[in-house]
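The sequence and the structure come first.

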Amino acid sequence: MSKDSEGLFKNFHESINNSLDDVVRNNFANLESNEKRISYLCSLPCVKNYDISKEIKKFESGGEFPVKKDLEKALQLKDEGNKAVQKGDWGRSLQYYNESIILMPEIKSEELSIVLANRSAALNHLAQYEDTLRDIQRCLALGYPRHLRYKVYERRARCLLALKRNQEAVTAFQNTITALDEAKNLDKEKRLKLRTDAKVMLEVLNKGLVLAGNPKDPEPFKNTPPKPKLSGKHNKLFPAASEAVEIAFDETRGRFAKADRDIQAGEILLIEEPHGGVLLSEFSKSHCQNCFNKCLIPSPCPKCPNVIFCSEKCLDIALKSYHGYECHILPLLWKSGCSVTCHIALRMITQNSKDYFMKIMQDLKEKPTGLYKTEDYRNIYHLVSHENKRTKQDILHRTEMTIFLLKLLEISGYFNGSPRKISIPIDELKTMALDEQCIDDAASFGCLILKNLQVLQFNAHEVFEIQCLKPKDGTRFLKHEGKSVFIGGAVYPTLALFNHSCEPGIVRYFSGSRIVVCAVKNIRKGEEVAENYGPIFTTVPKDKRQSQLKEQYWFDCKCLPCEQNWPKYEDMTENYLRFKCDSDQPCSNVIPVPYDCMEFMVQCGLCQQYTNILKGLKSLQDTETLYKLGRAAMGEGKYGEAIKKFIETLKLYDTTLAPPYKSYYDCVQDLRSCMLSLGNYSFV
């Protein structure tokens, strides 16, 4: 997630580096604070005089800049949608109307209201009644022409009937009759027929309601998946985590998670909103910028054509925080070629007000105590950054990125305390010099961005969804057969405290932008609750795992598979069973027993006591049957049922055998796949 690609920033970086002589490099290397590094680099002529305006047009990807809507194209797309309607192709018309709405300027509210009304007709024909009602409400709020309103009122009434919201349907039919009085251009015969039909429906509805005792309408359907819930109570100090998880500390491991009680496979151990999360640019027109859910019926930003939202709620949240500032600079971020990690570093600033940071700035270096809140920036600030281990070249590169992001903050209006209202003139990008009025703010906020860039290198997570092929009519689709696709990045402060293991005890999936962490094996009280940072021992050999973790995360892995050099899955032998010592005193020894062993009592080489093999084999008798039942349920898409069978299987395994062995990891992997299927997914 940290590699920058071709773009504006690469050219800026190379230009600066080529301009620095040994004296300047030594001066920079001797600076001891981030504030001094930023101020020093900002003062250099090669930085101040750099002109990125010439390069913006070279990079076509990333969107048009300066940011603007396109009325002409929006109207063309509306016409294409109307043509699709005439052909009866409602699906295609919906696509055209969506694109038209995204491009329609905010000031053309009547034109936008007409496209929304047209889209409501398409949605109605596609039986998406709740979405139809939302579009009708929007188009009326935007001033839909009065002489046409009878159409949407009548459509609203029919949708409400389909949803059995009869009390509301009565009002909608009454509004239809009233609106027909204003339909000046409507043929008299058609007007009379519509009025008569509405009156008949009103009479039928009113009689039906009286006979039924005037029942209340059902609640509007909420097309949102149920929120996941923690297993048990929340941790009192770390509320995103379960009480089953304790955050501990030692000098070797730093802060880490361990089991405060025995944890069973399948338990939900953590649910956390992102402190800062960013959607990849290639998903900006298909997924909600705020919650990362796929949007079939997008709500556009009123000022830019670059992002969409799934609802007015998400749109409102974004406009009142980060997108208010990022709206005009998003194309520059995308054209810069900077990684999603760099964008998150900026988002962690833009999502909060300038005043918020000014209040906490003085106390940032002191670790916060008390409740560990996801939204508290101070908790992010104190995550691992390894600043003291970094090379001067690494610091220089990140300082250059910081200066680029500071320039974007300045032109977004952030330092002035409110988002800019008009597009950025290209002339403002002919120099990277910061306005004199912003110098102090630039030094302060530059320190935060530079810190963010270092923290995120080790603590950011990829956000993914399962993408499934659209099933044919009458066929079942299986989520676990879909492909896991990286759609964004985010930082989750509580999860960032979990350490790595090459044999993780948890699996992560996403519900919107929130992360859900589940146990995929039974974890005893006192054992570490570890996640996985990339390489897993079943597929990657030890030397590659060690070198990858050292290079990317700067630590030597000392997990059990690394310490004991466990074999990869394909190299696990099935010639013997790994029995746990059944001693009446605590003994961690594993007793390898050949399949052809004729003895039923085997002595432990460590504690010298005997383990009853026959007893262990009896406890394993049901594992094969349970596992097959789980696989069968999984093959039918019955993931809840499959999860229960896999958990039962793991319980039986854990009472007798010690990993690693193939059948154990077959079960863990299938349990993991079922749990991933509970998260975000979309059709392709």
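Two strands are taken as paired if DSSP finds at least two bridges between them. The model is predicted. Strand 9 (residues 506-511) and strand 10 (residues 514-519) run antiparallel and are joined by six bridges. Among the partners, Arg508 is bridged to Val517 in strand 10. The hairpin of strand 9 and strand 10 has two residues between the strands, and Gly512 takes a positive phi near 70 degrees there. Five of the six residues of strand 9 are buried, so strand 9 is largely enclosed by the rest of the structure.

The count of aromatic pairs comes to 26. Two of them are set out in the table.

| Pair | Centre to centre | Angle between planes | Class |
|---|---|---|---|
| Phe464 and Phe510 | 5.0 Å | 90 degrees | edge-to-face |
| Phe477 and Phe683 | 4.8 Å | 75 degrees | edge-to-face |

The pair of Phe464, in strand 7 (residues 460-468), and Phe510, in strand 9, links parts of the chain 46 residues apart. Phe464 is buried at 15% relative accessible area, and Phe510 is buried at 0%.

Phe477, in the loop between strand 7 and strand 8 (483-491), and Phe683, in strand 15 (residues 681-683), are 206 residues apart. Phe477 is partly exposed at 24% relative accessible area, and Phe683 is partly exposed at 31%.

Ring pairs also link Tyr325, Tyr356, Phe357, Tyr377, Tyr381, Tyr414, Phe415 and Phe445 into a cluster. Over the ring of Tyr381 sits the charged end of Lys451, 4.9 Å from the ring centre. The charged end of Lys662 sits over the ring of Tyr569, 5.3 Å from its centre.

Methods. Residues numbered from 1 in each chain as written. Predicted model: local features only at pLDDT ≥ 70, side-chain atom pairs only at ≥ 80, totals over all residues. Heavy atoms only, no water. Buried < 20%, exposed > 50% of the residue type's maximum accessible area, 1.4 Å probe, protein only. Helix = DSSP H or I, 4+ residues; strand = E, 2+ residues; numbered from the N terminus. Phe/Tyr/Trp six-rings, centres within 6.5 Å; stacked < 30°, edge-to-face > 60°. Lys NZ or Arg CZ within 6 Å of the ring centre and 35° of its normal.
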